[in-house]
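Here are a few notes to read alongside the model, written for someone opening it for the first time. Keep the viewer handy and click through as you go.

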Amino acid sequence: MGIFSKISKDGKENDVINATERILRENLLLRSEYKDLYSRFLYLKEHPEYRVIDSFELYASAVNIMITSSPIRSDKYVETMAYGEKVYDAMFPYEERTPDYENLTTIFLEMFDKDGVIARRLFIDRIYDIFSDKFNYMKWVNNVKINDIEVINAFVIPYAVEARSYFLDEECYLANLIDVTWKIQSSADKKTTVDEELEKIRRMAGIYEVNEAVLLDSVRKIEMAQVLHKKVVELTKVVEERVKIIDATSRNSVKDVKTLCEDEVKKAQYELSIIDEKLKQAYDDCVAEQKKVVLYEKKKLLDDTFAEAEERLLQLKQAAEKTINTVKLEMPEGITQLEIGTQSSAEVRVNAPISGVQMATASNKAGVAAEGSGVSYSSVPAYSGPYDSYAKVYESQGSVTDDDTEIPGVNPLLDESIPFSERYETVKEKKSYMIAEGEHFHKMFDDVLTAVMENANPYLIGPSGCGKTYMVSQIAKILDMAFIDIGYINEEYDILGFQTANGGYSRPNFYRCYKYGKIAFCDELDNGNSRATVKLNSFLSNLKDASYSFPNGENVKRHPNFRIIGAGNTDGNGADSNYNSREKIEESVQQRFTPIYIGYDNEVEKQILADYPDWYDFVVLFRMATDEWGRKNYGDAPGIITTRDATRIKKYNDNQSFDMKQILEYEFIQTKDITYLAFIEDFIRQHVSEYGEADRIYRVFSDMISTRRG
């Protein structure tokens with residue numbers, strides 16, 4: 001089913017016109033550039049006598065596709081439709097009576113689609129007329145990716161016209177024309193390439209240019225060959241005589257050679273026995289030396305271990321002092337001293353300077369009243385674990401400032417009582433509006449959004465800078481929800497929170513997400529503590545009416561809006577060549593997540609760098625070079641260019657803060673090995689002709705690499 005059939009199925013042509021008119025009207029409210037196109041549309045709707053494209057439903061379909069699917073700028077719409085009308089005249093000389101009208105309308109509309117012929121202004125009518133099956137013309141256009149129309153006119157069209165007469169099968173002709181078009185576009189001497197290719201197909205057809213001069217030259221070569229043959233025969237006779245002489249001589253020498261060889265073998269065997277003894281001695285010496293090295297390494301390892309232990313003890317002592325100071329800050333006014341016993345059973349002693357008031361120690365029973373005061377103080381609890389860990393817990397989990405007070409209702413976009421198709425249609429409309437506002441979306445966005453709406457716990461896998469966090473913010477925006485980046489999970493209290501020293505509860509961000517229905521974004525999930533990450537299993541089951549008892553004793557019911565999104569640079573199975581500190585995510589956690597590979601999206605970067613096509617082409621070439629490096633070296637290449645880098649490049653150019661050399665130095669060259677850079681420069685040099693916009697930047701880049709080589 002073609003594009004035209006999809007748009008106007010079931011014969012509802014008026015729906016196409018009305019839908020296109022509605023889109024034009026809605027866009028007109030957002031951008032004034034749609035005014036001329038909208039006016040033209042309404043005029044042709046009311047005045048059929050001025051239409052070039054007939055029927056009007058076909059015209060409306062073309063406008064619809066141009067607006068929704070093509071990369072054409074809105075200020076070029078009227079001009080593009082005028083070009084489309086010229087193409088229509090060429091394709092439909094008899095309008096609706098043109099043979100194979102239905103298939104031709106499909107091709108015509110496809111030309112308006114993304115990277116289509118009309119979008120690129122590259123309709124070649126002379127080549128179009130050559131093909132009897134017009135779909136073959138579209139195959140040619142889509143395969144060759146025409147860049148230079150002058151080259152097509154000057155070289156490809158003459159070749160195509162002459163070559164057609166040598167092919168009976170149009171499919172074979174199509175394959176040959178695609179191949180030759182590529183050769184012409186990449187060749188430095190295009191005229192010679194055309195002549196050589198025409199000569200090939202003439203010979204394939206049995207056509208040879210033979211004249212009298214060629215025949216005379218062939219006769220002369222045959223005569224020379226006969227003379228050479230006579231000389232070879234004479235030389236062969238001489239060689240045969242010499243071979244006989246050599247054979248007779250060699251027979252007499254065989255015995256002498258055999259005797260000499262036997263003597264040499266005996267001598268070699270004697271020398272080998274001596275070498276064998278020396279090797280055994282060298283082996284024994286090496287073993288003894290290695291024993292000495294092992295004993296030395298053992299002693300060094302013990303020394304290093306003791307030194308590390310002493311340093312750790314010092315850190316523990318500092319952490320203990322820090323804990324004491326922290327507890328002092330939370331103690332009642334008037335308390336001046338806190339002492340921690342050094343015995344195995346920890347003792348905490350609190351002293352007060354006021355006469356008649358004493359604080360109970362940890363060795364006393366909790367709740368003992370201070371003498372003569374009439375006031376009861378509970379003893380300060382002693383912490384028996386490592387002091388530095390306690391200090392870390394205390395400092396990193398201070399009271400979280402938030403203003404969540406009321407539990408919100410169910411988000412209609414996540415309400416499973418509403419059919420998914422209706423909810424998804426709503427979010428798609430919001431996405432279309434955001435695109436019209438200039439928002440860029442990753443190619444995997446729809447899959448991740450679906451997984452979130454279906455409560456499938458997506459785990460986003462992708463390299464640094466590919467846009468994972470930005471995608472989560474877009475999802476939160478479309479769903480009209482808040483999301484909190486809780487970071488990687490190092491300890492269980494990052495999820496559950498903890499009781500503070502004064503008896504309060506430090507509630508973590510995860511608790512807020514679970515109770516008040518927010519998105520919990522677990523970034524760098526593969527960089528956390530796998531033992532602590534397992535605690536997520538209690539929250540990943542997605543059971544209705546689930547609840548969890550947090551450390552403050554509160555049994556919190558899971559909010560229907562609560563969602564978990566994980567992200568990491570690896571697939572969760574441990575470190576790789578670029579991310580060598582990553583942990584393996586516990587298998588039970590992996591099974592509860594839905595892995596989705598994100599990766600870099602050239603289309604997003606193309607939109608980001610739309611105003612700088614030369615930089616976009618150079619970024620694509622650079623990434624192709626790093627990919628090739630990775631393939632040849634069986635690993636990931638260092639210093640790849642990310643979507644985040646593309647955003648910075650746009651900013652530098654918009655603000656004119658860095659010039660071209662500075663951008664190349666800071667974003668593409670610095671911190672990279674010269675061998676690696678030389679490989680990338682050589683790869684780009686071989687392919688830059690395919691990306692003409694990048695040539696100027698490549699030349700500067702190449703000069704900078706040459707200077708660095710010295």
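1. Start with lysine 431: its charged end sits over the ring of phenylalanine 441, 5.4 Å from the ring centre. Arginine 164 does likewise with tyrosine 173, where the charged end sits over the ring at 4.9 Å from its centre. Do keep in mind that this is a predicted model.

2. Next, ring against ring. How many aromatic pairs does the structure hold? The count is 42. Take tyrosine 128 and tyrosine 137: their ring centres are 5.3 Å apart and their planes stand at 90 degrees, so this pair is edge-to-face.

3. Another pair to click on is phenylalanine 622 with phenylalanine 701, which is edge-to-face, with 6.3 Å from centre to centre and 80 degrees between the planes. This pair links distant parts of the chain, as the two residues are 79 apart. Phenylalanine 622 belongs to helix 24 (residues 613-633), and phenylalanine 701 to helix 28 (residues 695-709).

4. Now have a look at helix 19, which covers residues 509-516. Of its 8 residues, 7 are buried, so the helix is largely enclosed by the rest of the structure. The buried ones are Phe510, Tyr511, Arg512, Cys513, Tyr514, Lys515 and Tyr516.

5. Ring pairs link Tyr505, Phe510, Tyr511, Tyr514, Phe539, Tyr548, Phe550 and Phe562.

6. Last, something on the surface. Which residues form the nonpolar patch there? They are Leu235, Val238, Val239 and Val243, and together they have about 340 Å² of accessible area. Valine 243 lies in helix 13 (residues 212-330). With 48% relative accessibility, valine 243 counts as partly exposed, because exposed would take over 50%.

Definitions and conventions: Residues are numbered from 1 along each chain as its sequence is written. This is a predicted model: local features need pLDDT of at least 70, side-chain atom pairs count only at pLDDT 80 or more; totals for chains, interfaces and linings use all residues. Side-chain values use heavy atoms; hydrogens and water are left out. Buried means under 20% relative accessible area, exposed over 50%, partly exposed in between (1.4 Å probe, protein chains only). Helices (H or I, at least four residues) and strands (E, at least two) are DSSP runs, numbered from the N terminus. Rings of Phe, Tyr and Trp (its six-membered ring) pair if their centres lie within 6.5 Å; planes under 30 degrees apart count as stacked, over 60 as edge-to-face and the rest as tilted. A charge sits over a ring if NZ of Lys or CZ of Arg is within 6 Å of the ring centre and within 35 degrees of the ring normal. Patches are made of residues with over 30% relative accessible area and no salt bridge: like charges are joined within 9 Å, nonpolar side chains (Val, Leu, Ile, Met, Phe, Trp, Tyr) within 5 Å. Accessible areas come from the Shrake-Rupley method with a 1.4 Å probe; for residues, only the protein chains shown count as cover. A salt bridge is a side-chain nitrogen of Lys or Arg within 4 Å of a carboxyl oxygen of Asp or Glu.
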